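Here is a friendly briefing to read alongside the model. Please keep the sequence and the 3D view open as you go.

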Amino acid sequence: MADKTLRILVAKPGLDGHDRGARILARAFRDAGFEVVYTGCHQTPEQIVNAALQEDVDCVGLSCLSGAHKVLFPRVVELLKEQGADDIVVVGGGIIPKQDMSYLRERGIQEIFTPGTPLEEIISWVRTHVTPRDEL
Amino acid sequence: MYFAKEVLEKCSDLRTQWEDEVRRLVNKKGERKEVFTTVSNHEIKRLYTPEDIADLDFERDIGFPAQFPFTRGNQATGYRGRLWTYRMFSGMGTAKDTNERWHMLLREGQTGLSTAFDFPTLMGYDTDSPKALGECGKCGVAIDTLEDFQVLVDKIPLDEVTTSMTINPPATVMWAMYCACAEQQGVPLDKIGGTIQNDMLKEFIAQKTFMLPPEPSIKLISDTVEFGAKYVPRWNTISISGYHIREAGSTAIQELAFTLRDGMAYVEDVMERKGLHPDEFAPRLSFFFNSHIDFFEELCKMRAARRIWAKVMRERYKAKNERSWWMRFHTQTAGCSLTAQQPYNNVVRTALEALSAVMGGTQSLHTNSLDEVWCLPTDHAVQIALRTQQIIAEETGVANTIDPLAGSYFVEKLTNEMEEQAWEYIEKIDSMGGMLAAIEQGYPQMEIADAAYKFQQQLESGERVMVGVNKYVTEEMEECPVLDIDEEVEQDQLRRLNEIKRKRDSKAVKRALDNVRAACKKGDNVMPPCIEAVKALATEQEICDVYREVYGQYQDPGLF
């Protein structure tokens, strides 16, 4: 069972189109052997949560570079909880100022990856902290 | 032939001798790297000599400023006659905040305005839309109605200052608001000048600010081109943009090729759909490039761009007017070259990138502020960025002579190579059936994704250096002051919008929107009814919702 492939949703909440990071990460996850779903730009938190449930993912990676992360990231966590899917690990990345980190962590975003984080570091974090949901 | 046969023969002999010498040295000590490449992975040789430009024809390829093929610029006097426009992209929070920033910049010597809108405005949503949650005023100014726009341009003389607006899907609406404000200031439309970005192809390819499917998106653009040609002759109705293509991770050559091929798609559409001759509108097509960190590659890209466009306009589209052959462009230093780490280093990067753009002959320039990785720039950061341009222009002496790097073996060779490789891409896209067809197949999108991924891998392996990120890293995170747009901006803007919705004549709004709808359905030019609608205080989203209703919406295919 340990070999079960992790499924990750890479998603961009909000209206910004800065998807370079999200797309690179999607590829890096795929190259690392994960199953990757990327839903493209301009997703509402509701759309992201629907996709996460439909695709039965183990982890949701949110990317936001517009400054709206303080509103949008916690909303995704809340909605997952409402759907009884709060075992899905939510992580975030993008332009997240240091002073917002604890705000996001307190609201259930388990890790925040800021600019310059090596892909390998993100991948190994996921390997360590995310387990396939049905093993729980 | 640029050099006499004897010179080339002599050069060849000398080079062979020199290379023998170098080979011995390299075998013994090696060089820093096996292969040297630009930031775009374009291979650069150890040395360039007359042999590299043996095929160059002075008149055909370099020539004189203001003469075909305009490698050396459009203006006969270069920067001696007139410097480039200092045009800092700015917008923040409310219209009032942004208006204050604009007046500050004009006082500090800025010579043109450039508007950054917030994401809801960029996407055609009002502040009260559920889609706008959390975004109001964050990355630019929030504009919902004409009343916001009036505050934005308050005490800005629209007949003297030119204004650029980075707006794409709702470009018709923002331009309509600008036109309405000019009218209220008593300035006739043929006296206002400026630019709307209005380039949807690069949105599908790179920046991802989209609303309608490609075909109707292009239709609205051609409407603005036609309206401008008839009534607003000093307005640049499209700014065909490579900037965002590059920011998405393309190479310099991809930026060059995709941008020019986008430009060609617009020319073709206006010719076919509107029946206009290129000379009736091409002089008002403008371009927008990125100036990345690789100094020579950028300036060569700009020289090549002018040359390709001149040929395309004269030969492919049979334009006769010299101004139709001109490629006029704005440049912005590369946001993606800035680092969140050690942010003060960004001042240096920006200065070098700006210098390259000036060497490439840009007509207008935005220099990024050191803190733009983190936030909208603070007053102090934006002042340093503006001063960077002023120092280049007014202290360094680089603007004393035109196209000073022309004739350099390396610069001419690299300019030629970039032109050749751009043509390969252009022809490939031609063979796919044009840019729209290529975009539908995901071709430019995937080319860029490949390049971006490759760059990232090079960064991770240390093959590519970013100072402060993967080399010369400091333990302590150095920080700069960060401008915060607080949540109150959203509340203020919502109050304002509600008040306008209450007080306006809702029947007049409905009538005006019906007229926009009718124009869309009949295929008429939307600009006249759009101007009437903004005057009736229809909101941006109300007009865009009419477009969405008639034309449908585009969804990101999410390619990676």
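Predicted model: local features only at pLDDT ≥ 70, side-chain atom pairs only at ≥ 80, totals over all residues.

Residues are numbered from 1 along each chain as its sequence is written, and chains are lettered from A and ligands numbered from 1 in the order in which they are written.

**Where the chains meet**
- Chain A brings 30 residues to the contact and chain B brings 31 (residues are in contact if their C-beta atoms, placed from the backbone, lie within 7 Å).
- On the chain B side, α5 (119-123) and α19 (443-461) are the elements that give two or more residues; helices here are DSSP runs of H or I with at least four residues, and strands are runs of E with at least two, numbered from the N terminus.
- The largest share of that side, five residues, comes from α19(B).

**An open helix in chain B**
- Helix α1(B), residues 5-29, has 25 residues and spans 35 Å from first C-alpha to last, close to the 36 Å expected at 1.5 Å a residue (the expected span is 1.5 Å times one less than the number of residues).
- Zero of the 25 residues of α1(B) are buried, so this helix lies largely in the open; a residue is buried if 20 or more other C-beta atoms lie within 10 Å of its own, exposed if 12 or fewer, and partly exposed in between, with C-beta atoms placed from the backbone.
- After α1(B) comes B:G30, with a positive phi near 75°.

**The nonpolar core**
- The largest nonpolar core holds 192 residues, and those with the most contacts inside it include A:V60, B:M174 and B:C530 (a core is a set of buried Ala, Val, Leu, Ile, Met, Phe, Trp, Tyr and Cys residues joined through C-beta atoms within 7 Å).
- Helix α11(B), residues 252-274, gives the most to this core, with 11 residues.
- Among the residues that B:C530 touches are B:T172, B:V516 and B:I543.

**Strands and sheets**
- In chain A, five of the five residues of β1 (7-11) are buried.
- A:R7, A:L9 and A:A11 point one way from β1(A), whereas A:I8 and A:V10 point the other way.
- β1(A) runs parallel to β2(A), residues 35-38, and four bridges join them (strands pair if DSSP finds at least two bridges between them).
- Chain B has an open sheet of nine strands with parallel pairing, in the order β5-β4-β3-β2-β1-β9-β8-β7-β6.
- β5(B) and β6(B) stand at the edges with a single partner strand each, so one side of each has no neighbour in the sheet.

How values were computed
Contact = placed C-beta atoms within 7 Å. Lists of a residue's contacts leave out its neighbours within four places in sequence.
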